[in-house]
Every structure is written in C-alpha cells, then in structure tokens.
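These are notes for a colleague who is opening this model for the first time. Please read the points with the sequence and the structure side by side.

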Amino acid sequence: MQELLLAVAKGLVENKDAVQVTVDEANEEGVIVYHLTVAEEDMGRVIGKQGRIAKAIRVVMRAAAVREGEKIMVEIG
C-alpha cells in the first residue's frame with residue numbers, strides 16, 4: 001500500500017526526492033492512516049483544483065485497501 005501511494009505521488013510531482021509516506025498503526029476501529037508529504041511547491045499538483053486529484057488518490061488507495069481487506073485513510077500535508 002505504501003509503495004502504491006509513493007508511486008502515484010511521484011508521478012505527479014517534480015521534486016520526487018521530497019515525497020515521503022509515513023504509516024500509523026491501526027487505531028481502535030482498525031483504520032490505518034497514511035500521511036503523504038511532498039515539497040511545498042508540489043502541494044498544488046497533489047491536491048489539484050478543488051481537491052480533485054487528492055480525492056482521486058484517496059479513491060484509488062481505498063479501492064486497493066478493500067482488495068487487501070484493510071481500512072485506510074490518506075492525509076496529505
């Protein structure tokens with residue numbers, strides 16, 4: 001899952017070295033939180049107009065998580 005998020009994010013940004021993903025342990029509901037951080041100048045590319053790209057990233061990640069039997073949440077910041 002972490003590799004998928006890294007691949008999607010690196011495809012969107014110019015500064016690929018600044019892309020980082022940290023993963024929290026599952027909380028009491030079993031939700032795993034993925035924190036995506038990118039360079040400040042690439043933040044607009046990852047969020048997109050009206051958050052469309054960010055929503056699409058979350059949809060793709062949720063779909064992959066369902067296939068793995070996991071519950072996830074993606075935070076971009």
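1. Is Gln 50 buried or exposed? Gln 50 is exposed, with a relative accessible area of 67%; here buried means under 20% relative accessible area, exposed over 50%, and partly exposed in between, using a 1.4 Å probe and protein chains only. The residue sits in the loop between α2 and α3. Gln 50 is not a glycine, yet its phi is positive, at about 55°. Helices (H or I, at least four residues) and strands (E, at least two) are DSSP runs, numbered from the N terminus.

2. On the basis of the note: the model is predicted, so local features need pLDDT of at least 70 and side-chain atom pairs count only at pLDDT 80 or more, while totals for chains, interfaces and linings use all residues. Residues are numbered from 1 along each chain as its sequence is written, and side-chain values use heavy atoms, with hydrogens and water left out.

3. The largest nonpolar core has 18 residues. Such a core is a set of buried Ala, Val, Leu, Ile, Met, Phe, Trp, Tyr and Cys residues joined through side-chain atoms within 4.5 Å. Met 1, Leu 5, Tyr 34, Leu 36, Val 38, Met 61 and Ile 72 have the most contacts inside this core. At least two core residues come from each of α1 (2-12), β2 (31-37), α2 (43-47), α3 (52-68) and β3 (71-76). The largest share, four residues, is supplied by α3. In soluble globular proteins, nonpolar side chains tend to be buried together.

4. What does Ile 72 touch, leaving aside its neighbours within four places in sequence? Ile 72 is in contact with Met 1, Val 31, Ile 32, Tyr 34, Met 61, Arg 62 and Ala 65, where contact means heavy atoms within 4.5 Å.

5. Three strands form an open sheet in the order β1-β2-β3, with mixed pairing; two strands pair if DSSP finds at least two bridges between them. Because β1 (20-23) and β3 stand at the edges with a single partner strand each, one side of each has no neighbour in the sheet. From one strand to the next the twist averages 20°, with axes taken as lines fitted to C-alpha atoms (for helices over the stretch in contact) and angles running from 0 to 180 degrees between N-to-C directions. Four bridges join β1 and β2 in the antiparallel sense. Gln 20 has Thr 37 of β2 as its bridge partner.

6. How many salt bridges does the structure hold? There are two, a salt bridge being a side-chain nitrogen of Lys or Arg within 4 Å of a carboxyl oxygen of Asp or Glu. Arg 45 forms one with Glu 14, with the closest N and O atoms 2.5 Å apart. Arg 45 lies in helix α2 and Glu 14 in the loop between α1 and β1, so this pair ties together parts 31 residues apart in sequence. Asp 42 and Arg 45 also meet through their side chains in a salt bridge (3.5 Å, N to O).

7. Asp 42 is buried, at 2% relative accessibility. Arg 45 is partly exposed, at 38%, and Glu 14 is exposed, at 60%.
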